[in-house]
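Let's take a walk through a protein model together. Have the sequence and the 3D view ready, and follow along.

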Amino acid sequence: MSQKVENSLFIRAAQSKQTERPPVWMMRQAGRFMPEYWEIKNKYSFLEMCKTPELAADVTMLPVDLLDIDAAILFSDILVTAEAMGGDLSFEQGVGPRFSNPVRNMSDAEALRTDVIDKLQYVAEAVKETQQRLNGRIPLIGFAGAPFTVLSYLIEGGSTKDFKKTKQLLHSNPELAHFILDKITKVTIDYLNMQIDAGVNALQIFDSWAQVLSWDDYTEFSHRYIKEIISNLNRDNVPVISFAKGSSVFAPLMAEAKPDVISVDWNADLRSLKESLPQSIAVQGNLDPFIFYADKEVIKKRIYKLFDSMRGVDGYIFNLGHGIMPDFSFDKVKYAVDAIKEYRY
């Protein structure tokens, strides 16, 4: 890691060191709210963008160049691991990801491959291409989907509102669920270590659907696998962020997996949650993204209220409680980033 990146606001905050203001990046910061994103998207499919290193780097750099953000996150998708394992993945406009061959039984699960790192080399190439362009300006975050979240897409065949098939599997055939989760976990460890080798400066694990689980089910079907992943990463000087929708509830368990940072949804009082964690664990979050539909004055007021509440806390990264929505005003997001950069503790 270059000296500049190592001393960046983001890395220092992720390592629970003092910063003069909170660093800012936002989940889905390189996405559909940007006209420049659509200039690329209208020429290529989503998977083409993910699988072409130059295009992935182009999209990754958009918020770096246009928003002047404090960290870049690689443009990719949490489901590329599931596709490499054998899922027939497609993305439909207005519908989202689809697997035409959902996993429903042991035969389907046995067909999932784990020796797939060669199929994911395009991600390593995108990391290298992006780092060349960043040239040490700011850190680059790599990521992967958490095993439970990836499992849910494979079982449901795509997005779902009730997770009925997934929950039926957990409760009626937990052995099969664990068999699949073990495979996803192995691939995820290899995949994240590949990103570290390629040059990412930090990693985030996305458990986007953890909030549908009870405490006991989260413990059994999510937490134990995230713990296994984190303990098997070559993470020297590469901070690991653990994100879950549900982190306001599951944070004590998430801390047991020993991430460097816990990314918090917007339901929690961030200061109270931070104080409940080991001092060595930083927090990230947790503005409700829907505030971006409000007037600029309201946006600034809510961000500064959050910052004032975190005054005196070492180890805080500003982010949203989840991702930027496609119909957000770019102008308001840019305004928020500029307001954040003006703030001083």
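Here is a short tour that goes from the whole chain to a few single residues.

## The big picture

Keep in mind that this is a predicted model. The protein chain holds 16 helices and nine strands.

## Inside the protein

Of the 345 residues in the protein chain, 59% are buried. In soluble globular proteins, nonpolar side chains tend to be buried together. Here, the largest nonpolar core has 136 residues, and Ile-180 and Phe-318 have the most contacts inside it. Helix 11 (residues 174-198) gives this core its largest share, twelve residues.

Zoom in on Ile-180. Leaving out residues up to four places away in sequence, Ile-180 touches Val-103, Ala-109, Leu-112, Leu-151, Ile-155 and Leu-169.

## A buried glutamine

Now find Gln-204, which sits in strand 5 (residues 202-207). Is Gln-204 buried or exposed? Its relative accessible area is 0%, under the 20% cut-off, so Gln-204 counts as buried.

Who are its contacts? Again skipping residues up to four places away in sequence, Gln-204 touches Trp-25, Met-27, Ile-141, Gly-142, Phe-143, Ala-144, Ile-241, Phe-243 and Gln-284.

## Out on the surface

The protein chain exposes about 14,000 Å², and carbon and sulfur atoms supply 47% of that. One spot to look for is a nonpolar surface patch formed by Trp-266, Phe-290 and Tyr-293, which together have about 290 Å² of accessible area.

Trp-266 is found in the loop between strand 7 (261-263) and helix 14 (270-276). With a relative accessible area of 31%, Trp-266 falls between the 20% and 50% cut-offs, so it is partly exposed.

## Near the start of the chain

Last stop: Gln-3, in helix 1 (residues 3-6). Gln-3 has a relative accessible area of 56%, which is over 50%, so this residue is exposed.

Note on methods. Residues numbered from 1 in each chain as written. Predicted model: local features only at pLDDT ≥ 70, side-chain atom pairs only at ≥ 80, totals over all residues. Heavy atoms only, no water. Patch = residues over 30% accessible without salt bridge, like charges linked within 9 Å, V, L, I, M, F, W, Y side chains within 5 Å. Areas by Shrake-Rupley, 256 points an atom, 1.4 Å probe, with all protein chains shown as cover. Salt bridge = Lys/Arg side-chain N within 4 Å of Asp/Glu carboxyl O. Helix = DSSP H or I, 4+ residues; strand = E, 2+ residues; numbered from the N terminus. Buried < 20%, exposed > 50% of the residue type's maximum accessible area, 1.4 Å probe, protein only. Contact = heavy atoms within 4.5 Å. Core = buried A, V, L, I, M, F, W, Y, C linked by side-chain atoms within 4.5 Å.
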